[in-house]
Structure formats: structure tokens, C-alpha cells
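Hello,

Here is the structure for you to look over. My notes follow below it.

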Amino acid sequence: MVVMVWVIVVAAVALGVFGFGARTDNEIALPGTEAQRVSDLLAEQFPPEQNGRSPIVFHVSQGTLTTGANRKAVEVSLSALKKADHVASVISPYSGAGKDLMSADGSTAVAQVLLDVNGGQLDEEIAADVLSATGPAQEAGIEVEAGGAIGSTLSRTPSRRSEVIGLAAALIILAFTFGSLVAAGMPLVTAIIGLFTGLGLVGLLGHLISIPDTAPTLATMISLGVGIDYALFIVFRHRDQLHAGMEVRESIAQTMATAGSAVVFAGVTVIIALLALLVAQVPILGALGYASALAVLVAVFTAITLLPALLTMLGHGIDRLPLPGRRGSPEDRAKESVWARWVGLVTRHPWRSLLASLLILVPLTIPALSLTLGQEDVGVTPTSTTERRAFDLISDGLGPGANGRLVVAAALDPPATPSESYTHSRDKAERLKRDIDEGQRKLNQDAEKLKQQGAALEAQQAALEAQWAMLRAQESALEAQSADLQSQQAQLLAEKDRLAAQQADLTAEVQELTARGEALAAEIGEVQQELAQATDPAQIAELQAELAQLAGQADKVQEQLAALQERGDSLARKAKELESQSRTLSAQGSSLRARVASLQAQGSDLSTQGAALSAQGKELKSRSAELDKEKRRLEKLGKEAKQLQKDLEEMLTKAGGDDRATDPRLVRLQDAVADTSGVASVAPPRVNESGSTAILTITATTRPADPATADLVRRLRATVVPEATQGGGPSAYVGGMTAAFEDLATVISDSLPIVIGTVLVLSFLTLLLAFRSVLVPLKAILCNLLAVAASFGVLTAVFQWGWGFSLIGQSNPYGSVPIVSYVPLLMFAVLFGMSTDYEVFLISQIFQAHAAGKGPHESVRVGVGSSARVITAAAIIMITVFGSFILNGDPVIKQFGVGLSVAIFLDATLVRMVIVPATMVLMGRWNWYLPRWLGWLPRIDLPEEAGSEAALAPTQTASEVPS
């Protein structure tokens, strides 16, 4: 019936997990801290910014992503990302908002993807779908990696290597402990069933409260350890009783009354220690405490319900499949004799034994003095994961601080408005633009008009020049004609002069001939008279001859006169002709003079027109000069406007394109943060719709886990932000993952005293009630503190100092891993719970021997000797289980694995097997001292885990115990 109930329970849990899924959530809630205020503001004013952005990294080893086919492939991928399910927005490295998302050499680009689901709702299917949208880039040979929540989800390794190794090692140890494979298998079977059920319940619990990713693994470690140990105690007692001849059912009843009650007591002790983490009021610690306590609770229920049922069904078959040479109780007794001899050695030399143990433990605690609570980043995770590769690419391309940006959220009352300086500059720029546009419009119109007038003037000047050319041609022609006319006139005058000379000569000749004719006529008259008077024939003949000669001469003169007359007529005609020609030439001269006068008039007119055109040209030049002056004025205004626009663009760029972000309160905060040492860059503010909230994203110069980054957070909070927001500034808070871890470390540091005090008080009360002794609880607490401090020292040396780094499979460029803030506190609670378990198991045996009347030395020898075997086996199993988780790739799990396994080793060896026996012997009867005023304390029945040796010892008298 019990087995069937368990089958139903397991099936129900399995169906619940299958139907609803196992949810984990890495969102860190830290009420009352600055980081939480930032997260709350993001959720209220910038949803879903509170989910955080996941970087998708694109990288090429050769070439760039800024141009060509590579850029096109990335842009296609970005378009596909924006359309992917559950993607709220994507900041492209090619956009103005993503100017700091591209490496200087262009080989690495980052797209910031914001999902509409939180870390608890994000599963591997959603993350894979988002990353698959980058297929075009991957097909183009571009390396694509995912960081943030997407990368973390895709980097989860489902490997159960640690659990398998732990179970295999536990099987071997149990087999050697029991000498039977069946007996060895019982604790494993119940532990595995308890583990499966516990993890299923933890996964379902994640739907009600936030359960971090490390919680299931931590629960697995603790559940396997305590589940196997608790079953080991029960099976060990049951087999011993069977070997002593007890009947099966009676043995099971006796076992559950003794070992079973011890298991319940031990489990409750561990659960109380884990739930004591709640007093810290840190949700992540509470979640880890819930998850681990739930796993322990299931392990206890499995051990006290399912295991007895299985043992009943097995009966005496529990010893089946024995190991050769490992059967029967003589070997068991021999082993107890070994431990008895060891304890005998310790009790004979208690001071030496105590001093030797302290010489080992105290030096181990020294490194713990330098323990610093910090945070891990993805840079320490395995390089085989996409989130680590994305981390490295971002660090190399954009700087280490780009992997964990800080966020400053500012609440503004009154809401953000554009600054007076920006508004004045903007208005001035707008006025300048209007003036320039209007002036340029008018200038263009006037220039066009002037151009047209200039063109017309040039046309007129060209026409005028053409007319001047024609006029000059005509003048040249007239000048040629005038010259020809003058030449003709000169020739005519010369001809006239020649003709006049000829006429004068002719006249002279005529006059001469006339005179001669008259002289001849006179002579002829005289001769005729003489002839008439002559009588003398000879004289008459002579006179006649003379008269004839004279007549001949007179005729000749007449002929010459006729010739001269003819020449005179000819000359007269020529003179007439010349006079006609002179008149013609005179008319032509008059015509030429008229034409010259006309040309002169035309020239004068053209000169007038030229003067007018020249005046127009001067006017146009004057207007052109005015236009040039206006143009220079407009150019000066343009330069002023350009500079003003540049200033506005710088202001807007700094403000992220939102003029409300020029609010002096935001600018002062932005400048103060940007000028802070350790800040690489500050992204422009983003202001919500109402203007009541703004956020600044800060990139540090150091990686998230670097202590310098935590120092930056503290510096921003302590001085930079308060000074920048004083005097009416906004209420600003520094947040982000790095700041959240810093707050977590601070909260945990502040909570350490109360948590440690609570655990110590609960442990003291538990042991006080169990053993009704004051010194035993005090000694146990001191021993536990020593073992815990030593384990913290080893943890510090390995992770913070980097000693033996490679031995635990840890490798990173930094040579160390910060110890996550909640690890020591959680380790403290777990270790105190388990150490109290071992203390109860061990001291109860010593107490039983003491109650049976044995002396201090003998009771210690008998108690330790009878319980050492089972405690040692349980401790070895616990160490093996915890140690197997050192193989886990998560550094936090490695820290738990190293710390818990070392602590259990030190507790089970030096503390339980040396310090406890030595101090018990040294304190003697004072071990059981209880003041009379505490006599009212209730008695708790302790399990009798000792063998028959303690039971058969004589009873000690009450008088031997100090009161």
C-alpha cells in the first residue's frame, strides 16, 4: 500500500512537471534596495524593460559588418529578429541608438533584444526560435552568439554527469560498507525516488515563487547526500538487527523507533537550519532555503515511509548479491575495533590530538579573513557555451564593461521638459531658418530678376554693339567713299586747273594769233593799199607775192585760230563736263555729308543708348553688389544656423533624440556620471511617455565581476548621483545586474549576524534539548564554527586566490572566480544542519554509553567506536556526492561542491574523530552539566545507535554526574 501511494505521488509529480513544466527564474528581487527600485521603475514605466535585454552578437574574423554582403545579411537577420515571437524590440547596431553596439574595427556588432517574457517564462524553445531568426547571417558565414537571458537559457547543460558519478561512487562505498549489492542499492533507490520527487516539487514551486537556476542543482546535492545518508542509517541498523536474529517486521519497527527517529531529528535539524535563512529576508536566499528544505523533507519522508516498505518486501533478501570477502559481522566488528583503537589513541593523548587538529584547522581558516563577497559573470563559464562566447566577443569588441551595463533610473517631479537653453536655441534656430528661407527666397527672386535684366541688358548691349559695328562699317564705307570723292574732286580740280591752264594757254595763243592775224590783216591792208597804189608790176608782183604770203600766213593763222577755236570748244566742253562732274561730286559730297550727319546722329543716339545701358549696367552692378551683400549676410546667418543646428544635434544626440532629455536635471546627472572614473560611456537618457521617469545606461571600463565595477557602483551611489541630484534634482537610483549583486552582497553582509545568530541559537537549543547539557552544545558550536571557517578558508584559497584552479576544472582569463555572495551563508546553514546531525549521531552514542555507567574515556571509546563506521560511510558518501558537483560547469555549483565536500571531510575527520573525543575526555563529567534552573527542560528520547557493547555496560550512578 505504501509503495502504491508512492507510485501515485511520483506519477502525480511527474504529470505536474510534464503539464506545467519546472520553472526557474534568475530574477533577483531585493526589496528595499536601489537595484529593486530601478527594477520596479522599469516594470512600471518602461515595460518590459525589467526583463532585461539579451545581446545577440555578430562577428566576422575577416572583413567588417559595416558594408557589403555582411551588413545586408545582418540587417536581414535583424528584421527577422523583430518579427520573432516574444520579441518586444530590437536595438540595431546600425541605428543611432545603437552607436555603441559596433566595434571600432567593424568586425563585431551587437543587437540588443528585449523579450516580452521574463526569465521564469523564457524556455529553451523560445530562446532557440529567437536565435534561429539570425539564420541569414549564419548562412553568410557570420558567427552568431547569444548572451543575456537568451544565451543563459541556451547554455544550460542537461548533463547529469555529477549525479551519475556521485551515485556510482555511493554505490561502491555502500557496497563495501554492507558487503551486499542489494543492501547497497536500497539507499540509492530511495534517494533517487526522493530526488526525483523533490526536484519535481521544487520545479512546481517555481510557479509560485522565484526559484533561481542554482536551486535545483543545490537541492540535488543536498537531497542525494542526505537521502543516501538517512537511508544508510536505517539500513545499517536494520541489517545489524537481522544479523542479531531479530525478525524482519520487529527489526523494522525497532529500526524506525531508533534510527528512524534519528533521521527525523536530523532532517528537521537540517530543515530548520535551511529555513533560518528566511530571517535574512533576502528572496534568493529564501528560495534556495525553500528548495533545499523541500528536498530534505522529501528525503526524510522517503526514508521513513518508502524505505521501510521496501525493506519489508525484501525481508532477509537484503543480503543478496554479496561481495566476495565482504559478508558477515566479524568484519564489521573488526572495523569497529579499528575505530575503537583510534579513539583509544585520541583519548589517551587528548591535548596532543586537540593541538594537532587545531594546527591543521586554524591555518586553513586564515584565507577566510580575506574572503570578499562578490559576483560571478559569464566570463568564468565554460567556453563551450554560447553565452561565454558572446561574452568574450563583446569584451574584445566593445570593452569588458559592455557585458553588464549599469542602469540609473531617475524619477522626475515635475516631469522632464526641454531645457530653456535647448528651447531658446531651437526657437532661435527656427527663426534663423525662417529668416534664411525667406531671405534666400527673395534673394533667389531678385537674383533671377537681375539675371533676366542682365540678360536683357547684355542682349541690348549686343544689339547696340551690332549697330555700332554697322555704323562703324557704314562710317568706314562713307569714309572710303569720301576719300574716293575727295580723290575724284582732287583729280577734277587738277583737271580743271590743267584745263584752265590749257584754256589760258589757248587764249594766249588765240590772242597771239589774233594779234598776228590782225597784224597780217594790217600788213595785208597795207600791202593792198600799196598794191593799189603800186604800179610797179614788180612791186605789184612783189606786193602781190607779199600779199599772197601774207594771205597764206593769214590763212594759216586763221587755220590755227580755227584749230584753237576747236580746241577752245573742246576745252569748253571739257570744262562743262568738269563742271557737271564738279556739281555731281558736290552733290555726292553733300549726300555723303548728309549721310555722315545721319551716321553721326545715329552714333549720338547709340552713344545715348550706350550711356543708358551703361547706367543700367551700373545699376545692375549696384543691385548685384547688394545681392552679394545679402548673400553674405545669409551665408553668415547660415553658418550661425548651422552651428546652432550642430549644437542642437549634439544636445539631441546626447539626449537620445528626445528633447525632454535636455532637462537640466538629466543633463547634470548624465554629465556627472559620464565624468566618473571607471565609466567608459553613458548612453543617452530614455524618457517615458509621461516624462516622469528616465533611465541612463552606463558602460563601465571593467567587467561585471571585477571589484572595480562594484567600487564604481558604490561611488555612484555614495557621491556622484547624490551630488548630481541635490538641489531639486530627480530621485535617482543605480541598478542593473551588477548593482543587484552588490546590493545582494550588502544585504547578505548585513544579514550575516542575525542569520548566523539564529542558526547558532537553534543549534544550541537543539543540542541542549537532546543532551540536557550546556557544554556539549557550546563545544559543538565551536567545533562547527571551526570546521566552517576552515572550509571558507579553502573556498577562498581555491576560488578567490586561484590556488589549484586547474584541479577543479576551472579556467578563465582572470585566474580567479569571485565567491558569490550567498554561497558562504547558504553553506553555513547547510553545514551547521549536517554537522548537528553528525553531532547528534555521535554524541548520542557517547551519551548512551555514559548513561549505561561507563566512564568518560570508555564512553567516548564505545560511543565513537560504535558509530564511527556508519558516520564515516555517511560522510564519505556525502563528500563524494558533493565533490562530484565540482565537475559541474557552473562556478557557483563548483563553489558549493568544494566548500561542502571540504567542510564535511574536515567535520567527519578532524572534528568528529579527533576534536570531539579529545574535548569530551578533557571535560569529563562536565560534558553533561546542566544548571539546576534549566531542569524544567523537556526530555527527548535519543536513538540507540550503539551496539550491544554500550547496552550491556553497567549503569553509572547519578552521583557521578555533576549537578
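Predicted model: local features only at pLDDT ≥ 70, side-chain atom pairs only at ≥ 80, totals over all residues.

Residues are numbered from 1 along each chain as its sequence is written, and side-chain values use heavy atoms, with hydrogens and water left out.

Ser866 is buried, at 13% relative accessible area. Buried means under 20%, exposed over 50%, partly exposed in between (1.4 Å probe, protein chains only). Ala340 is 526 residues from Ser866 in sequence, yet their C-alpha atoms are 7.9 Å apart.

Now the surface. Patches take residues with over 30% relative accessible area and no salt bridge; like charges are joined within 9 Å, and nonpolar side chains (Val, Leu, Ile, Met, Phe, Trp, Tyr) within 5 Å. A salt bridge puts a side-chain nitrogen of Lys or Arg within 4 Å of a carboxyl oxygen of Asp or Glu.

One patch is negative: Asp85, Asp116, Asp123, Glu124, Glu125 and Asp129. Asp85 is in the loop between helix H3 (68-83) and strand S2 (87-91). Asp85 is exposed, at 59%.

Another patch is nonpolar: Val264, Val268, Ile272, Val761, Leu762 and Leu765, with about 420 Å² of accessible area together (Shrake-Rupley, 1.4 Å probe). Helix H10 (248-275) and helix H19 (737-771) each supply at least two of its residues. Val268 belongs to helix H10 and is partly exposed, at 41%.

Best wishes

Technical notes. Lys, Arg positive; Asp, Glu negative; His and termini not counted. Charge placed at Lys NZ, Arg CZ, Asp CG, Glu CD. Helix = DSSP H or I, 4+ residues; strand = E, 2+ residues; numbered from the N terminus.
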